[in-house]
Amino acid sequence: MSHPLLPRLIEARVVPVVRTRSHEAAHTAVAWLREAGFTTFEITLTVPNATALITELARDPTLLVGAGTVRTAGEAYACGEAGARFIVCPWNEPEIVPAGRRFGALVMLGALTPDEVVEALEGFADVVKIFPAASMGGPSHIRALRSVFPDVPFCPTGGVEPSNLRAYLDAGAAFVGIGGKLVDERLIAAGDKAAVQEAARAALAA
């Protein structure tokens, strides 16, 4: 039985992956992307004081906020306490699943090969994150995995951009994670909100 949050992520289609070297840049990125129309965000734990940002955003019932680059059960527990609705690990760390489930969170575990997909499913992942997707063949890799696992929800990230996200969705991705131009620190530092929101609108339109 699928997690009750999965349909909402599938409906969103695109999840901005907020990964910046400063808390302030992450906060700005989220603000600009919200203005452009995004309501779903993955805040990675590589952002300084990421759980504080998750807590702040999770107070808004119109937003769906998750935590990314979650490496341990302890981190998953802290993110659940902060209000993260979904937990994302770039690899298969099964201990994250029960920690996330204590808070009702959807859990994504990472994989690349069929063997790794099976391991993630055996670890009770709700979604299998395919990372890094682009370097493994991009949409063609997703299409190949879907031929073997037609009922598995895949979320490719790593090299997904507004220009190619439609190809990933057409290949069978349930939804995608995008950083890149949506969270470009150079544009954020330069105050170029227009460029970031142009990329955001392109992603939403695709």
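In this tour, Ala, Val, Leu, Ile, Met, Phe, Trp, Tyr, Cys and Pro count as nonpolar, Asp, Glu, Lys and Arg as charged, and the others, Gly among them, as polar. The model is predicted: local features need pLDDT of at least 70 and side-chain atom pairs pLDDT 80 or more, while totals for chains, interfaces and linings use all residues. Residues are numbered from 1 along each chain as its sequence is written, and side-chain values use heavy atoms, with hydrogens and water left out.

**Stop 1: the second largest pocket**

Select Met1, Ser2, His3, Leu6, Arg101, Leu121, Phe124, Ala125, Asp126, Asp151, Val152 and Pro153, which line the second largest pocket. On a 1 Å grid over the protein atoms alone, a pocket is an open set of points with protein on both sides within 12 Å along at least five of seven lines, a cavity is a set where a 1.4 Å probe fits but cannot get out, and lining residues have an atom within 4 Å of a point. The volume of the second largest pocket is about 190 Å³; a volume is the space filled by probe spheres set on the points, which are joined across faces, edges and corners. Its lining has 7 nonpolar, 2 polar and 3 charged residues.

Stay on Phe124. Phe124 has a positive phi of about 70 degrees although it is not a glycine. Its place is in the loop between helix H6 (114–122) and E6; helices (H or I, at least four residues) and strands (E, at least two) are DSSP runs, numbered from the N terminus. Phe124 counts as exposed at 57% relative accessibility, where exposed means over 50% relative accessible area, buried under 20% and partly exposed in between (1.4 Å probe, protein chains only).

**Stop 2: the largest pocket**

Next, go to the largest pocket, which holds about 250 Å³ of space. It is lined by 15 residues, of which Val17, Arg19, Ile178, Gly179 and Gly180 are the closest to its centre. By class, the lining has 5 nonpolar, 6 polar and 4 charged residues.

**Stop 3: the cavity**

How many cavities of 30 Å³ or more does a search of the whole structure find? The search finds 1. Select Val15, Val17, Glu42, Phe86, Val88, Met108, Cys155, Phe175 and Gly177 to see the lining of the largest cavity. Strand E1 (14–18) and strand E4 (86–88) each supply at least two of the lining residues.

**Stop 4: two aromatic pairs**

The structure holds 2 aromatic pairs. Rings of Phe, Tyr and Trp (its six-membered ring) pair if their centres lie within 6.5 Å; planes under 30 degrees apart count as stacked, over 60 as edge-to-face and the rest as tilted. Show Tyr77 and Phe103: their ring centres are 4.9 Å apart and their planes stand at 75 degrees, so this pair is edge-to-face. Tyr77 is in helix H4 (residues 73–82) and Phe103 in the loop between helix H5 (96–101) and strand E5 (106–111), 26 residues apart. Tyr77 is partly exposed, at 30% relative accessible area. Then show Phe149 and Phe154, an edge-to-face pair with 6.5 Å centre to centre and 75 degrees between the planes. Phe149 is buried at 12% relative accessible area, and Phe154 is buried at 0%.

**Stop 5: backbone details**

Select Phe131 and Pro132, joined by a cis peptide bond with omega of about -5 degrees. Pro132 lies in the loop between strand E6 (127–130) and helix H7 (139–148).
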